[in-house]
Every structure is written in structure tokens, then in C-alpha cells.
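Good morning. I will take a few minutes to go through one protein model, starting with its overall layout and ending with a single residue.

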Amino acid sequence: MKALILVDIQNDFCPGGALAVADGDAVVPIANRLMDAVDVVLATQDWHPANHGSFASNNPGRKLFDLGDLGGLPQVMWPDHCVQWTGGAQFHPGLDTKRITRVFPKGTDATIDSYSGFFDNGKRKATGLGHWLKAMGVTEVLICGLATDYCVKATAIDAAGLGFRTVLVEDACRGVGMKSTDVLNALAAMRASGVVVTTSHTVQRG
């Protein structure tokens, strides 16, 4: 059984959002097409409380994109984004959300960030996504969304680590790219973890 995991295709990560990824909305039509190639579609959703410790605004003296500490882990100081119940936290309006079977929120604990759709950054708590996939008999996952060098990377590496055949659909992802090498390094890290990197043109239809 094959699943598609849509990673954080939310308004705040798309052009005009609080933490916009360049060309982020370009993943939407590809993601919609990929839904035809799988048995089940799932989504992760950044779902932060307003007092989240990863927000620069909640860390006096810190500037946006500074590297700080949260929960004993290195933490980028992000703009306020994907705050629970706000428009920025909602899925992009072009995404075919009626085909999503289940949404797994992440980043809900103000004391630790959560890039992966499976665990928080310290692997202290699970979101339930891994258990759900295994309970449903899923053996292969396709992954796409935002952003390649953060949440997509973490989700793909964790999926492979949990034993799923993991395929990253590269053209259905976009990266933050704070450094020019960040996206390339993320792709290399995923490949090193056993993730297959491909494009939507090579994905076999279900």
C-alpha cells in the first residue's frame, strides 16, 4: 500500500505568507496530480501556539533567523508562522484537501519545534503518523511539500528510518535556501538515509 504525505503546504509557506518559500505555491498542482498515484493521501500541518519558542518575537534580544536554543536543541528563530486557527496555518486554497484522509498536526508544543511529520526535533514525542501508516499496511510513502531543507527533509529521513520505502518527489518540493547549498545538502542527506529522489514524471500511477 502506497501513501502520499503532503508536508506543510500551508499559506504561511507560500508567496505572501509569513515565512514564504520562493515559488512555494508551484508544488500545489503537482501535489494534486500525485494523489492519483497512491492509495491514501495524508498531510502534515504546522500548528503552533502563539507563544511558540521558535518565534523570534518570543525571544527578546533575538533577531529573525538567528540561531538560538529551544528545548536543549539548536533552533532557528523564525517569524511567527502557522499559528493555530489563523489563515496562515490553513492549507493552500488550491490544494485538493477533500482527498486528504487524515491531517497530522505538528509543532504544537511551545517548548520544542517539530520539523518532521513523525516526531518533534528531539524525538521525545511522536505525532502518530508512523503508527497510523503501519496500522494501515502502508509500505511505501511519496513525500512532497515545503520546505525541502527543513520539514520535508526531516519527514523523509524519519520515514526511511521507520522502514518505509521512501520516495521524495523533488519537483513537488521547494526549499528555504538560507544558504545556497542548503537544498543540495538536504537532498544528499536524504539520499544517504535511503530516500529515493525522483520527479513526478517518473511516479507510476496507481
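**Layout of the chain**

Reading from the N terminus, the elements follow one another as β-α-β-β-β-β-α-β-α-β-α-β. That comes to four helices and eight strands. Please keep in mind that this is a predicted model.

Now the overall dimensions. The C-alpha trace spans about 50 × 35 × 30 Å along its principal axes. Of the 206 residues, 54% are buried. Take the contacts between residues at least 6 apart in sequence: 74% of them join residues at least 24 apart.

Next, the sheet. In what order do the six strands of the open sheet lie? The order is E5-E2-E1-E6-E7-E8, and the pairing is parallel. Strand E5, residues 102–106, and strand E8, residues 196–198, are at the edges; each has a single partner strand, so one side of each has no neighbour in the sheet. On average, and ignoring direction, neighbouring strands here are turned by 25 degrees against each other.

E1 covers residues 2–7 and E6 covers residues 140–146, and the two pair in the parallel sense over six bridges. One of the residues to look for is Lys 2, whose bridge partner in E6 is Glu 140. Lys 2 will come up again at the end.

On to helix H3, residues 148–161. This helix lies across E1, E5, E6 and strand E7, which is 165–174, and it runs at about 170 degrees to E6. Is H3 mostly covered or mostly uncovered? It is mostly covered, with eleven of its 14 residues buried. Among them are Tyr 150, Cys 151, Ala 154 and Ala 159. The buried residues of H3 pack against strands E1, E4 (73–76), E5, E6 and E7, and against helix H4. After the helix comes Gly 163, which has a positive phi near 100 degrees.

H4 is residues 182–192; its axis is 10 Å from that of H3, and the angle between them is about 0 degrees. Angles under 35 degrees count as roughly parallel, and therefore H3 and H4 are roughly parallel to each other. On the H3 side, the contact includes Thr 148, Val 152, Lys 153 and Ile 157. On the H4 side, it includes Asp 182, Val 183, Leu 187 and Met 190. Sorted by type, the residues of this contact are eight nonpolar, one polar and three charged.

Last, a single residue, Gln 204. Where in the chain is Gln 204? It sits in the segment after E8. Gln 204 has a relative accessible area of 59%, and the cut-off for exposed is over 50%, so Gln 204 is exposed. Setting aside neighbours within four places in sequence, Gln 204 touches Lys 2 and Ala 37. That is the Lys 2 that has Glu 140 as its bridge partner. Leu 64 is another matter: it lies 140 residues from Gln 204 in sequence, and the two are 41 Å apart in space, C-alpha to C-alpha.

That is all I have. Thank you.

Methods:
Residues are numbered from 1 along each chain as its sequence is written. This is a predicted model: local features need pLDDT of at least 70, side-chain atom pairs count only at pLDDT 80 or more; totals for chains, interfaces and linings use all residues. Side-chain values use heavy atoms; hydrogens and water are left out. Two strands pair if DSSP finds at least two bridges between them. Axes are lines fitted to C-alpha atoms, for helices over the stretch in contact, and angles run from 0 to 180 degrees between N-to-C directions. Contact means heavy atoms within 4.5 Å. Buried means under 20% relative accessible area, exposed over 50%, partly exposed in between (1.4 Å probe, protein chains only). Angles under 35 degrees count as roughly parallel, over 145 as roughly antiparallel, 65 to 115 as roughly perpendicular and the rest as oblique. Ala, Val, Leu, Ile, Met, Phe, Trp, Tyr, Cys and Pro count as nonpolar, Asp, Glu, Lys and Arg as charged, and the others, Gly among them, as polar.
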